[in-house]
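Work through the exercises below with the model open. Try each task before reading its solution.

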Amino acid sequence: MVQNDTAMRIYFEHSGEEKQVPLSNLVATLVDFVDHFCVKALIGPAFSGIIQTGSGADKVARLLNACGCAGRPQAFFTELLSQLGKADGTQKIVINDVELPHLLLMAILEVVLPGNRFFTIKSTEQLERATNIKIPDADRMDMQRVLDTYPVRLSMHTIRQMRVSGDVAYQYLPFIEELDSAGHTNTWIGQFHQGLLEQMYQNRVIFLLNMTCPVYCRFCFRKHKESRNEANPAAADVKRAVAHVADSPNIKEIVITGGDPFMNRKNMACAIDGLMAVDHVQTLRLATRSIAYYPHLFLSDNGELLNYLKRKHLELQAHGKRMEVATHFIHPDEISPQCLEIISDLARNGIAVYVQTPLLNKCNDEGPELVRLFSLLRGAGAELHYIYIPCSPIHGNNVYWSPISKGIDVGRYLRAHLSDRVIPRICTATPIGKMDWNSSGWAVEPVEGNDGFIWIRSPYTPDYFKQFAPLAKGLQNIRVNGEGTIDIQYMARIGDESLFLGSRPKRPGNGPRTTADTDAVLKEMPAGETIAPSIVATGSSTLSRVHETRVEIAAECGETDLEIIRGDDRITDVVIVAPTDAVDCLIQIRRIVRALEVAPHVNAVRLRSLKFNYAPGSYTPAVIDALAALNRLTMVNPLRLEIETQFLVAAEFNPEHTRLCRQLNNRGITVYANTPLLANINDSPEAIHQLAHECRRAGIEFHHLYVAGLPVQDRWNRKNPVVLYDVVDIATRVRREGSGREIPRYIIRTILGEVDFGLSSTVVGQDETLAVKLSPYDHAYFTAMDPDFEWPPGVEIDGDGNPVVPVTGLSKTTDFALS
Ligand code: SF4
């Protein structure tokens, strides 16, 4: 403590603990925070409006003034510490009507409650002390039973978060309803399980390298004590599992998980080094939630673990393989400077970080929380992969279950208000494997006589399992449907009976397919690229608003266009379209990126480039270097650069694409592909399965498979429409036989925006006279962007106020909702 410094006292009301911290430390932390982290995306518009811009000292002065403590930091901290002493996550921290943002409170708590360790909680007294809560006397015995039944572990990082966020506490704090016996003990059938190796899918396996986690989520599907107390495998077990993979040429991907596998470095090293030598292995996916709840694991010892991963990533790349890190986040209050630092560091070095999110009742099941969470993660460089609906129905976690309809509604909300690049796939992990809602699977009907269960159509067939581990004969909870895939009983509430779609009839007219050459369709594509039509008037021919969050802008755009983007906080994504190709317009792109750097709400610039596919040699080292210089993956104010390209069929890929993609990835630049579904070119399950596989092999994210609506589809498919029935067959095949990381979003583009096939849209009409209902959008959505907006000609409005827009190039052959 500096001489004459004031010692500030904090008394934790429930735990009875007392601490003293120097005022100078608190002031320095506050100044540092407002200096570096005060952007709207992190602290919210209200707080940002109070502190405004300028030096840290100026901002602190404005904050103290607004809090009624002008020039009196001691008074400010006296009040703040008094409130933090009572805090248990249930109340906001507010001084003189100024609500202090979560991240600022976390920064202060790091001074007041320092430390990075994690520990196991075994008694109610210990729980009260660690978390500053008071357990009512009537609940004390039950709580002790919970602690004895389902282990509790917390890190200092989560303890700080829980004091000021009910949504974080909800995930980790034990509660007496955990004693409720509803739910399963285990959530999967266990098709193949040998030592540390589990296999649910033909092409990938799971390695369970470590049974414990530094923090235990209360909704965890491995929450039972028996799972936690299982002995960890030894290096010899890992070697046996690697040998099994080496003997199984179908296995292309390994998910390395646990518990947290990073807590067992010896096993991790043994697995990575062993799998590196197996030729047919393509991808290692390392799963950890520590990025969110125990970031110290990655940042301690000067980021030693991060450096290890970067080294191994390059070694794997030299062996033609890739490394990905899988993590999960649930609520924006889990975002910390530390987690953003870890994600951006990995992404900058070419290691993809993808995020999965279980939907938790009363935590993240409305939509706005996920928009904020996913936007922040995306800026740092993460990909958003899955939303699981509902979370696993396991003993003691039924407070977290929400009905299927909530997940579907959230999907629609995200489609309206989140960048298309960060909308995860909405899926359910059934006991025989995952399905994606209303494309590779759907709710068929309730299970008769078994309340609380529904039949789900899955993409899997009995033959699929025969190849690696036959399903146990006589399972009561599955049936083979008329299409030949398996329906499985699943424990969930549907929430909306209209989601029961019944069984799909057989495909009518399953005649032989004709095939056309891609050259024929490439001739139909215009020589140059133009921006897409705008869904609302922008007053500019070089700026098109294609979504609430996204604009397309011509490379030769004017200053007024850039001013419009800078002035609209809702725009997060700018797609730059050049007359020939993005790589030909780097001067204009640099001008646009520089102009957008002062708009913190824009966190991604996307360059449309067909030359990535058709002329990869255009990406010279100088071009790659120039692009890398524009890519800013940072904790605060990121501006991410991405390349948007197009591939039509698998045959278009060659090794040059892989080489180029790696070079870009290693500079933190993502490449993603959009594909129009074209009759006789690529509208078969096999064609899209192969295309998805090649994208993944090259390191390209398969982003959208356009079912209809692109200009080339309007021309090509009008005479020879795509059969809607095939879309479900395609989704079924890609889900069943590809990697979960290969699955595109199935999108219909219309004059009023994009929607997900089956999920946020409904196709109505007959044969080829079809229209599509756009569930995410209504009149208010468009007038919020353009007050003079009027429905375009030809659009009808349904009873819910959603537009119904004509769509061409599709043919409906059955009455079934998705075909
Ligand atoms: S991180 Fe995953 S495995 Fe660990 S407790 Fe949480 S949900 Fe379970």
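**Exercise 1.** Which residues does Thr-428 touch, not counting residues up to four places away in sequence?

*Solution.* The model is predicted. Start with the place of Thr-428: strand β15, residues 425-430. Next, list the contacts. Thr-428 touches Ile-389, Pro-390, Ile-404, Gly-433, Lys-434, Met-435, Trp-437, Ile-456 and Tyr-490. Then look for a polar contact. The side chains of Thr-428 and Trp-437 make one, at 2.7 Å.

**Exercise 2.** Decide whether Thr-428 counts as buried or exposed.

*Solution.* Take the relative accessibility of Thr-428, which is 0%. The cut-off for buried is under 20%. Thr-428 therefore counts as buried.

**Exercise 3.** Find the cavities of 30 Å³ or more and describe the largest cavity.

*Solution.* Search the whole structure: three such cavities turn up. The largest has a volume of about 190 Å³. Its lining holds 15 residues, with Arg-425, Ile-426, Ser-439, Asp-756 and Leu-759 nearest the centre. β15 and β29 (745-750) are the elements that give two or more residues to this lining. By class, the lining of the largest cavity has nine nonpolar, two polar and four charged residues.

**Exercise 4.** Describe the lining of the second largest cavity.

*Solution.* The space in the second largest cavity is about 40 Å³. Its lining residues are Arg-378, Ala-382, Glu-383, Leu-384, Arg-421, Val-422, Arg-640, Glu-642 and Glu-701. Two or more of them come from each of β14 (383-388) and β25 (640-646). Sort by class: three nonpolar, no polar and six charged.

**Exercise 5.** Which residues surround the ligand?

*Solution.* The shell consists of Cys-213, Val-215, Tyr-216, Cys-217, Cys-220, Arg-228, Arg-289, Tyr-293 and His-328. Six are nonpolar, one is polar and two are charged.

Note on methods:
Residues are numbered from 1 along each chain as its sequence is written. This is a predicted model: local features need pLDDT of at least 70, side-chain atom pairs count only at pLDDT 80 or more; totals for chains, interfaces and linings use all residues. Side-chain values use heavy atoms; hydrogens and water are left out. A residue is near a molecule or strand if one of its heavy atoms lies within 4 Å of it. Ala, Val, Leu, Ile, Met, Phe, Trp, Tyr, Cys and Pro count as nonpolar, Asp, Glu, Lys and Arg as charged, and the others, Gly among them, as polar. Helices (H or I, at least four residues) and strands (E, at least two) are DSSP runs, numbered from the N terminus. Buried means under 20% relative accessible area, exposed over 50%, partly exposed in between (1.4 Å probe, protein chains only). A polar contact is a pair of N or O atoms within 3.5 Å; within protein, one must be able to donate a hydrogen and the other to accept it, and residues adjacent in sequence count only if both atoms are side-chain atoms. Contact means heavy atoms within 4.5 Å. On a 1 Å grid over the protein atoms alone, a cavity is a set of points where a 1.4 Å probe fits but cannot get out, and a pocket is an open set with protein on both sides within 12 Å along at least five of seven lines; lining residues have an atom within 4 Å of a point. Grid points are joined across faces, edges and corners, and a volume is the space filled by probe spheres set on the points.
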